[in-house]
Amino acid sequence: MESLKNKKYNSEVIVTFVAVIFAIMFASAILGVIFYVINYYGIKDNIATTFKGALLTWLPVAILTCSCLVFLVCLYLYAKSSKLAKKWDGEDEITIDKLEHDLFLVNAISNITVVLILLFAGLNSCVGFEAASHVASTVIGIIAIMFTIIWTTALQGRVVSLEYELKQDCYANVLDFGFYKRMFEGKDEGQKMIIYKSAYEVYKSLVWINAVAFLVANFGNRFFETGIMAVILICLSWLAETIIYFRATYKYKNKGRE
Amino acid sequence: MPLINHLKEQRARLGVNQQEMGALVGTSRQTISQIERGDYSPSVTLALKIAKKCNVRVEDIFEYVEE
């Protein structure tokens, strides 16, 4: 019975695998034709010029505006939580749940903003300093980066302090390079279980993210001459993740046997 | 969920809130809240600690029900 089940499962997997491979090949062929046409008619250069122009002129202004808006939202959530914390009597579970939820939102939003601003900083340093005619935009870009880094760091620091005042569990300075390690190690088993589950979700997603990023980087290099650096970095990152995963698995499997 | 628990009742019997219960057994309020909601099954160590603080047996708080 079990072997029949496995046979059925295997045949389903093989059919899906072959179908996906064919779909990828078909999509790649279509993209190849599109990119060939783009290259042949010189559309690529027009796209690159337009993209660069937009990047130099409008993106810094858009980033600064978005950063200000996100800052205001986070500040509002933090101020609301801070007020609730002062009112909290140590008994009302609905209030503390709401408060923790808002603080979690501030943390999540500011962390995502930091990653996005790093992406923007990378773009800005790649193309921003090339054109002398875009000095104003470059200055706005630098202001946007500095402003975002300052407010996210300051707000995250306040959130950590407020959480510590409420729970007295673990405290770490956001400027500490070992911030996450210190925070994780200070958590109890229930909180750690949430971290383990979240990390597992991340690992599962990373396999697909790496595969898609690898394909995109290869296409970029082939048709837009973006260089092989992206492909190398994605593969190195993938390799590092795989080695870390198997090393950790081996370590925990054999823990206590020596 | 095959594991049901009576932590909330035991906590009410002791007259402590989640924060205080967490402090009694050396864990956080969130973990107590997760256990009460049935979202988290505690380790044997924590279950024993909770039972000890409540002056009852582990089986009086945590109950395994066959599905």
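**View 1. Contacts and overall form of chain B in the predicted model.** Of the contacts in chain B that link residues at least 6 apart in sequence, 54% join residues at least 24 apart. The model shown here and in the other views is a predicted one. Chain B contains five helices and two strands, arranged from the N terminus in the order β-α-α-α-α-α-β. The C-alpha trace of chain B extends over about 35 × 20 × 20 Å along its principal axes. A compact globule of 67 residues would have a radius of gyration near 11 Å, and because chain B has 11 Å, the two agree. Buried residues account for 33% of the 67 residues in chain B.

View 2. Chain B has a mean pLDDT of 89, with 97% of its residues at 70 or more. Within chain B, confidence is lowest in strand β1 (residues 3-5), where the mean is 85, and highest in helix α4 (residues 44-54), at 93. Where pLDDT is low, predicted coordinates should not be read in detail. For the complex, the predictor gives an ipTM of 0.80 and a pTM of 0.76.

**View 3. The side of chain B that touches chain A.** The contact between the chains involves 12 residues of chain B and 10 residues of chain A. On the chain B side, the elements that contribute two or more residues are α2 (18-25) and α3 (29-37) of chain B. The largest share, four residues, comes from α3(B). By class, the residues on this side of chain B comprise two nonpolar, nine polar and one charged.

**View 4. Helix α3 of chain B and its surroundings.** The buried residues in α3(B) are R29(B), Q30(B), T31(B), I32(B), S33(B) and I35(B). Their cover draws on both chains: it includes α5 and α7 (189-224) of chain A, together with β1, α1 (7-14) and α2 of chain B. After α3(B) comes G38(B), which has a positive phi, near 85 degrees.

**View 5. Helix α5 of chain A.** Helix α5 of chain A covers residues 135-167, 33 residues in total, and its first and last C-alpha atoms are 48 Å apart, close to the 48 Å expected at 1.5 Å a residue. Buried positions in α5(A) are I140(A), G141(A), A144(A), I145(A), T148(A), T152(A), L155(A), V159(A) and E163(A). An α-helix has 3.6 residues a turn, so residues three or four places apart point the same way. Helix α5(A) also belongs to the cover of the buried residues of α3(B). The residue that follows α5(A) is Q168(A), with a positive phi near 55 degrees.

**View 6. The surroundings of L84(A).** L84(A) is part of helix α3 (residues 59-87) of chain A. This leucine has 18 other C-beta atoms within 10 Å and is therefore partly exposed. Setting aside residues up to four places away in sequence, L84(A) touches T95(A), K98(A) and L99(A). L84(A) and L99(A) are 15 residues apart along the chain, and their C-alpha atoms are separated by 6.7 Å.

**View 7. Domains of chain A.** Chain A is divided into domain 1 (1-41), domain 2 (52-177) and domain 3 (188-258). The C-alpha centres of domain 1 and domain 3 of chain A are 23 Å apart.

Key:
Residues numbered from 1 in each chain as written. Chains lettered and ligands numbered in written order. Predicted model: local features only at pLDDT ≥ 70, side-chain atom pairs only at ≥ 80, totals over all residues. Contact = placed C-beta atoms within 7 Å. Nonpolar A, V, L, I, M, F, W, Y, C, P; charged D, E, K, R; others polar. Domains from an automatic or database assignment. Buried ≥ 20, exposed ≤ 12 C-beta atoms within 10 Å, placed from the backbone. Expected span 1.5 Å × (residues − 1). Rg over C-alpha atoms; globule rule 2.2 N^0.38 Å. pLDDT = per-residue confidence, 0-100.
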